[in-house]
Amino acid sequence: MTLEEIISGESQYLEFKRAVPENSGIYMKTVVAFANGSGGKIVFGVEDDTLRVTGIPQAEVFLIMDRITSAICDSCTPMITPIVTLASVEEKVVIVVNIAPGGQRPYYLTAKGKESGTYIRVSGTTRPADSFVLKELEFEGANRCYDQTYAAPEGAVSEDEINSLCDKMYQYAVEHCKSEETADRIQHLTKQNLLSWGFLIKRGDEYFPSNAYILMTRNSFPQATIQCAVFKGTDRDVFIDRKEYDGDIVTQLDAAYEYVLRNINMSAEISGLYRTDVYELPTDCIREMICNAVVHRSYLHPSSIQVAVYDDRVEVTSPGMLFGSLRLKDIREGISIPRNRALVYAFTYMNIMEHWGSGIPRIIRRCRELGLEEPELMEIAGSFRINLFRFLDKTRIGKSVDKGMESTDKVRISTDKVRISTDKVKDSYEKIIHYIEEKGTITNKEVQNLLHVKDSRALKVLKEMVEAGMLKKEGKLRGSYYKLR
């Protein structure tokens, strides 16, 4: 313990006590809260309001240390074993009690029982755990994930429903590949994949849906929505616009992403006959922020994800505390403990996210490259929030995205921008347009036959034409077709 740490004051992971109280229950709640979270320290011998170092009488210090250790070991279930040490600050002795993150959660005060005696740390204070937080702690302690458990009272799912989800996820994965070569390597999903990920649970000869399966299909969870809003100024006093998206979580993600793009500043770049939209903020960072919220939020928490656009920032709030023993500094360094393993598997396959833990470091790095202020990460009221700050100088819009690029570079600034650079591609587009002018519509299968390409390539070409404003997609999954705009 250093004087600098004391001067910084109490925090999520640090609490001060002037003296060791006779009633150990005064600090035992904090001991339990630290064990249920990311750990922390209780320092005896420092006033919490003035931060004045009062110290502990040296003649009694070892007796007091033994008393603290015994009280903690005897008062908590499962047993918490602290590391109690001495430190010298301003020539006075203080006692530092280190509580490590626990692996047998939930921890609670034995005398109060699990329902009433479980505590958590929220914004530097200790408070009783809500019922949904207690449930999540139980999942953590058992090394289980809520999204991989049976979605009661749902019945068995049919082979057609399973195949439909596999087909939907495959098409999405192909459409969001960064290259044609990568798209060709994507394997079609099978029922066995969904079983291994935890989307399905086999009982006898029947297959039952997990919570992840429901979230990715009919989504009957009222809290599993995304609330979007635009506010006037830099606080939540005045709404300009608001929208709530429900349905399956991937559709929600895409809708929320498009909502943000509609409500931030945009310039245009013309290349030949085609217009490319250039946004004031990196679109890959916006999508990553929303993706992180969807895949890492607590689906036991009763609140929705919130995406807010202010004059100075885009803010994404994800319900649920940081999972496991994670701290904000861990996230910045790319450390990840997945709360929803099934969704992580699915989102990685579908090219919505990349490697575990890479999202936040990539956002920070991207903003640094573009000269944007570093994103702000924070825990607030039992939720995780990230702020992406906008340029206050609107004359810099567009310049930020192209920073470091030569005008002749033929690159894709983001997955939302289409560049047509080869005669071969243009020829494919012309064939499809002529076919539709003659037949009225075209399907993926017909594109495969027309261009003599694989399914993945056909999907890629059609997606590019939709993004370029040439075609409009109608219908869903295998019944989908394309028309001229």
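Two strands count as paired if DSSP finds at least two bridges between them. Helices (H or I, at least four residues) and strands (E, at least two) are DSSP runs, numbered from the N terminus. This is a predicted model, in which local features need pLDDT of at least 70 and side-chain atom pairs count only at pLDDT 80 or more, while totals for chains, interfaces and linings use all residues. Residues are numbered from 1 along each chain as its sequence is written, and side-chain values use heavy atoms, with hydrogens and water left out.

On that basis, I start with the open sheet. Four strands make it up, in the order 1-2-5-4, with mixed pairing. At the edges are strand 1 (14–17) and strand 4 (83–89), each of which pairs on one side only. From one strand to the next, the twist averages 25°. For angles, axes are lines fitted to C-alpha atoms, for helices over the stretch in contact, and the values run from 0 to 180 degrees between N-to-C directions.

Two helices go with this sheet. Contact here means heavy atoms within 4.5 Å. Helix 2 (residues 25–36) packs on the sheet and touches strand 1, strand 2 (40–44) and strand 5; its direction makes about 160° with that of strand 2. Helix 3 (residues 61–75) lies across strand 2, strand 4 and strand 5, and runs at about 15° to strand 5.

Now the pairings in that sheet. Strand 1 and strand 2 are parallel, over four bridges, and Glu15 has Ile42 in strand 2 as its bridge partner. Strand 4 and strand 5 (residues 92–99) are antiparallel over seven bridges, with Ser88 opposite Val93 in strand 5.

Is strand 1 buried or exposed on its two faces? Buried means under 20% relative accessible area, exposed over 50%, and partly exposed in between, with a 1.4 Å probe and protein chains only. Both faces are covered: Leu14 and Phe16 on one side, Glu15 and Lys17 on the other, are all buried.

A separate hairpin comes next. Strand 7 (residues 119–122) and strand 8 (residues 125–128) run antiparallel and are joined by four bridges. Ile120 has Arg127 in strand 8 as its bridge partner. The hairpin has two residues between the strands, and Ser123 takes a positive phi near 50°.

On to the rings. Rings of Phe, Tyr and Trp (its six-membered ring) pair if their centres lie within 6.5 Å; planes under 30 degrees apart are stacked, over 60 edge-to-face, and the rest tilted. The structure holds nine aromatic pairs. One of them is Tyr150 with Phe208, edge-to-face, at 5.7 Å centre to centre and 90° between the planes. Tyr150 lies in the loop between helix 5 (131–141) and helix 6 (159–175) and Phe208 in strand 10 (residues 206–209), so this pair ties together parts 58 residues apart in sequence. Tyr150 is partly exposed at 25% relative accessibility, whereas Phe208 is buried at 12%.

Phe231 and Tyr310 form a stacked pair, 5.2 Å centre to centre with 15° between the planes. This pair links distant parts of the chain, 79 residues apart: Phe231 is in strand 11 (residues 226–231), and Tyr310 is in the loop between strand 15 (305–309) and strand 16 (313–319). Both Phe231 and Tyr310 are buried.

Which charged end sits over the ring of Tyr310? A charge counts as over a ring if NZ of Lys or CZ of Arg is within 6 Å of the ring centre and within 35 degrees of the ring normal. For Tyr310 the charge belongs to Arg313, 3.8 Å from the ring centre. Likewise, the charged end of Arg297 sits over the ring of Tyr299, 4.7 Å from its centre. One aromatic cluster takes in Trp197, Phe199, Tyr345 and Tyr349.

Back to the loop between helix 5 and helix 6, where Pro153 is also found. Pro153 is exposed, with a relative accessible area of 79%. Pro153 and Pro209 are 56 residues apart in sequence and 9.8 Å apart in space, C-alpha to C-alpha.

Last, helix 18 (residues 455–467). Ten of its 13 residues are buried, so helix 18 is largely enclosed by the rest of the structure. Among the buried ones are Arg457, Lys460, Lys463 and Glu464. After helix 18 comes Gly469, with a positive phi near 85°.

For the whole protein, there are 18 helices and 20 strands, and 51% of the 485 residues count as buried.
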